[in-house]
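Here is a short briefing to read alongside the structure. Take a look at the fold first, and then we can go through it topic by topic.

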Amino acid sequence: MQHLTMTSTCYKQIISYGLAQLPYEACGILASSNGIHIDTFVPIINDHPNPLHYFSFQPQAWINTLYELQRAELQLIGYLHTHPTEEAIPSSSDLLGFDDQSGHLLCIVSYKQKNSPHLRLYQHLPTAGMKDYPLILT
């Protein structure tokens, strides 16, 4: 896969949800009906004890989301979280918590510039670590 596309509706949902969760980190998943077009964003409750700087999926919400994806025949594409005050670059704790063997992507949205949030996708490459993954909005 050379790049992914994302609907503008999905992008707007992500940006709006992240803004609504400020000053805390927001999280969720990205899914697709065909494996190359991100058309679904599912927010998941961040239940980390320090949500200003970290995120973790609320376990029951995570389980419910996985069942819903299966029921809707959607493919999990990646994990999303926000950086309320930092750039959209994986932190050391992001890398520790990321299952780089899954093939899923990591999406980070930065609200450092609240008037122009910045979304970036990353893919883990075995020999090169985390690298930007191209995304085209449709």
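The radius of gyration used here is taken over C-alpha atoms, and the globule rule is 2.2 Å times the number of residues to the power 0.38. For 138 residues, that rule puts a compact globule near 14 Å, and the chain, at 14 Å, agrees with it. Please keep in mind that this is a predicted model.

**Fold and dimensions**

- You will find 3 helices and 8 strands in the chain.
- Reading from the N terminus, the order of elements is β-α-β-β-α-β-α-β-β-β-β.
- The C-alpha trace spans about 35 × 35 × 30 Å along its principal axes.
- Among contacts with a separation of 6 or more, 62% join residues 24 or more positions apart.

- Buried residues make up 40% of the 138 in the chain.
- The chain exposes about 7,700 Å², and 54% of that area comes from carbon and sulfur atoms.

**Cysteines**

- How many disulfides does the count give? The count comes to 0.
- A disulfide is a covalent bond that links the sulfur atoms of two cysteines.
- To be counted, a pair of cysteine sulfur atoms must lie within 2.5 Å.
- Is Cys-10 buried or exposed? Cys-10 has a relative accessible area of 1%, so it counts as buried, the limit being under 20%.
- Cys-27 is buried as well, because its relative accessible area is 0%.

**Asn-50 and its loop**

- Where does Asn-50 lie? Asn-50 is in the loop that connects strand E3 (37-44) with helix H2 (59-71).
- With a relative accessible area of 30%, Asn-50 is partly exposed, because that class falls between the 20% limit for buried and the 50% limit for exposed.
- Asn-50 and Leu-135 are 85 residues apart along the chain, and their C-alpha atoms are separated by 30 Å.

Methods: Residues are numbered from 1 along each chain as its sequence is written. This is a predicted model: local features need pLDDT of at least 70, side-chain atom pairs count only at pLDDT 80 or more; totals for chains, interfaces and linings use all residues. Side-chain values use heavy atoms; hydrogens and water are left out. Helices (H or I, at least four residues) and strands (E, at least two) are DSSP runs, numbered from the N terminus. Buried means under 20% relative accessible area, exposed over 50%, partly exposed in between (1.4 Å probe, protein chains only). Contact means heavy atoms within 4.5 Å. Accessible areas come from the Shrake-Rupley method with a 1.4 Å probe; for residues, only the protein chains shown count as cover.
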